[in-house]
Protein chains: 2
Amino acid sequence: MARSIQLPALSSAVLEAQSSGIREISNLARNLPASLRLEVGQPDFRTPDHIGEAGKKAIDDGITYYTPTAGLATLRAKIAAKVERVNGVEVTPNQVAVTPGGCGAISAALAAITEAGDEVLLPDPCWPNFRIMAAWTHTKAVLYPCPPENGFLPDLDRLAALITPRTRVLVVNSPHNPTGVVYPRRLLEQLADLAQRHNLWVISDECYDEIILEGSTDTMSSLLDDGRVITVMTFSKTYSMTGWRLGYAIAGEDTITSITKVLESMSSNTTSITQVAGEAALDGPQDCVAEMVGAYRRRRDLVVDLLREADLLINVPTGAFYIMADISPSGLASRDFALRLLQERGVGVAPGTAFGTQAAHSVRISLASSDVALREGVGRLAELVQELSAAR
Amino acid sequence: MARSIQLPALSSAVLEAQSSGIREISNLARNLPASLRLEVGQPDFRTPDHIGEAGKKAIDDGITYYTPTAGLATLRAKIAAKVERVNGVEVTPNQVAVTPGGCGAISAALAAITEAGDEVLLPDPCWPNFRIMAAWTHTKAVLYPCPPENGFLPDLDRLAALITPRTRVLVVNSPHNPTGVVYPRRLLEQLADLAQRHNLWVISDECYDEIILEGSTDTMSSLLDDGRVITVMTFSKTYSMTGWRLGYAIAGEDTITSITKVLESMSSNTTSITQVAGEAALDGPQDCVAEMVGAYRRRRDLVVDLLREADLLINVPTGAFYIMADISPSGLASRDFALRLLQERGVGVAPGTAFGTQAAHSVRISLASSDVALREGVGRLAELVQELSAAR
C-alpha cells in the first residue's frame, strides 16, 4: 500500500511502550541455529499425550463452535475444584473466567477495573507485557523496587511511598518472573494489608502457582479473601501447553461479570478445542507436573552451583523456572552483555533491562532448557564475565 | 469470598456498557430445549474434515508451543496470497497480523490507534461488541444512522455532521451484520473520501467477505490503499471455524507493528493448532465455502419470500447470513417482541435494539439455521406479528 502524505497517528502510548527486550535477543538467536536458547520462557516438554488426545477428540466430536464467553461450564467447575485442591481457596464456578492464556486474563482484568489515568503498581523487575497493557488501558505504570540486594523482594517502605490518590491496582507476582522468588507469607500479609488500607485492587499473577521448587506455597489469593484479589493462573507452564493458550481469572462474581464483558469483545471465547484439552489436563494424572517440576529443580541446583562457583549468584529461586545471573563484574549494561554473549559465544539470555531498572546488572536464564544446554551456556556466560572483568 | 464493606470500583464504562441483547435471548432459549434458535450468529455446518485433520496433525506433531505474536510466517504468507486472490488487494506477509478471531483483530487495532477521549464512528445498527470495545479503550462510540427507510445504508449527510476534531476512527462494515447489506461501490468511495478529507483511520470489518449471496464484492480495502484502512477478516464464517478462534488484520507495516505489540500483551499468540488448521483451510479445496454460501442463498430466498408474503420485509440481503424482519405492526418494542416470540412460540430471534436505535422496530433472523427451522420459525414470527397487529 502507498502511504499518503498525511495519515492519522498511532496510539502514542503504544508506540512509546518499549518492545520486549527478550524478543530482540530471540529474533537474533533464531538466525544463529547453533545458539543455546536460554532466553526463552517456555517449557521444553511436549504437552502430555492424554491432553493432546483430548484435543484431537474434541475436533472429531465437532466441539468447534462458540462456547460461553467465560468458558465451558464443565471446565469452569473443574477449575474451581482445582483451585480448592491445589491453592486452598474455595470458589464457585461463577468466580472463574476462562481466557486465552494468562495474559488474556490479566488484560481483561486490567481493562475491567481501571479508568484512564489510574496508576498501576508493578514490581520492578517484572514481566514486560504489564507495561504494554498499561499503554493501551491508558493507565500509568508505577514501578515499585524489588532490588537485588533485597533478594528481589519488594521494598515495602518505598512501595508505600509511591501510593497516590490515583493508585488503583497493586500487581503482585509470586512465584516471580524473572527472579524465581516466592514471597514469604509475612510479606504477602503486609502487601494485603497495604491493599486494604488504601483500598486497591490486587492482581495476583500466579501463573507459576504449581512450579514450586521448595518451601512456601502461600499465595495472595489464599490470604486475602475480601473480594479485591483477581488471581490469574494458566495451563501454559503447569502442563506445558503454551501454544494452546489457556488461562483463567478467579475473582468475585461481579468482577467476573465485568471481566467477561471485556472478554466477549476481545476474544469471544477461548479456543473450544483448547478448553476440552484443559479439562483432560485437570482430570488426568498429575505426575507429569511433578516430573517437570523435578527437572526444573535439578536444573536449578545445577545452575546455582555453576553461578555460585563463578561468584555470580544473586538468589536461589524457589519457584517458577528462572534464575538471575549477576553480570556486574563485566562492566557492561545487561543488553550489551546479552548481545555480546549471543554474538560471540552463541548463548541467548534475557537482559535484565527487559524487566525494569532493578535488574539492570543481571540477566535471566530460563531453566526450561535442557541440562546440557544449561551447563554449556552458563559456563560460557561465566567465562565471558570473567574475561571482561579481567580486561577492565 | 466475603465482600468487605469497601471495595475499589469496577471500570464505570465497562459496567455501563450494555450487555448483549442477543445473549439475553440465547440464555433464555438454552433453557427451552425445543426452541428454534434463529438468534445465533454461527454457521450450522461442521468445520470441513480436512481442516480438522490438519489441527489433529498439529497436535501429533507437537506444534503446541508459542508462535511469533503476529502468527506463523507460513500462515501470514498464505493469508497475504488469499487477500490478493479473493479480495484483489496486494499485501506483503508483514502487513498481516493473525489474531484470536475477528474480534481479536478489531480489539487490538482499536487499542493501537486511539487515545483516550477519541471518538469512533460506528454504524447504527452495528455488531454490539464495538460498543464494549469503546468502553475499555476509553473512546466515545458515536453512532451514524443507517436507517431502515434507506435500506440500512448510511445517511452520509448525517454521518458527516457527526465528525468533530476528536473523531479518530470510521468503522465500516460491509457485508453488514445484522442487516446483510453489501455497500455499493459508489458509497464505499464516498466513505473513503470522507475518511481522507478528515484524516480518519478506517476499520473495515469484512468478517463476511466471502459470504456474498450475489452482486458486488467491492470492499473498502480494495478501494482505499493509502494506509489508513485496517481490514479485519476471519476464518470463523468462511470455513465454519467459530470455536477455533482465527482472524486477522491487514494494514500498513507500521500499523501492524503497533497492533502486534498490543496482541503480545493481550493474547501472546493465536492458538498454534488453530493456525495450522487455518493453513489447511487456505490450501485445501474451496468448494466447502461455495456450498455453504449456496445454502445461505437458498435460505435467504426462502425467508425473503415468507417475509414478503407477510409484508414484513425491509431489505433483501446480498451478503452475510442475516435478514431483518419488520415487526413494527406488532406495536411492541423489539426486545419485548423477541421475549414473547421465544416464550409463547419457542422461537429465538435477536432484537434490533441489541444493535442500536435504528433497528428498534425489527429483529434479526440468522440464516445460519436449518431450512426447516427457518420455515417454521419465520412462520410463527409472522403469525405473532399478525395476531398482535389485529389485537391493537
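Chain B holds an open sheet of three strands, ordered E9-E12-E11, with antiparallel pairing. Strands here are DSSP runs of E, at least two residues long, and helices are runs of H or I, at least four long, numbered from the N terminus. Two strands pair if DSSP finds at least two bridges between them. The model is predicted: local features need pLDDT of at least 70, side-chain atom pairs count only at pLDDT 80 or more, and totals for chains, interfaces and linings use all residues. Residues are numbered from 1 along each chain as its sequence is written, with chains lettered from A and ligands numbered from 1 in the order in which they are written.

**Sheet in chain B**
- Strands E9 (322-326) and E11 (350-351) of chain B are the edges, each pairing on one side only.
- E11(B) pairs with strand E12 (residues 362-366) of chain B over two bridges, in the antiparallel sense.
- B:Ala350 has B:Arg364 in E12(B) as its bridge partner.

**Cis peptide bonds**
- Most peptide bonds are trans.
- A:Asp124 and A:Pro125 are joined by a cis bond, with omega about 10°.
- A:Pro125 sits in the loop between strand E3 (119-124) and helix H6 (129-136) of chain A.
- The bond from B:Ser174 to B:Pro175 is also cis, with omega near -5°.
- B:Pro175 lies in the loop between strand E5 (167-173) and helix H8 (185-197) of chain B.

**Positive phi**
- B:Phe152 is not a glycine, yet its phi is positive, about 65°.
- Its loop runs between strand E4 (140-145) and helix H7 (156-161) of chain B.
- B:Asn199, also not a glycine, has a positive phi of about 50°.
- B:Asn199 is in the loop between H8 and strand E6 (201-205) of chain B.
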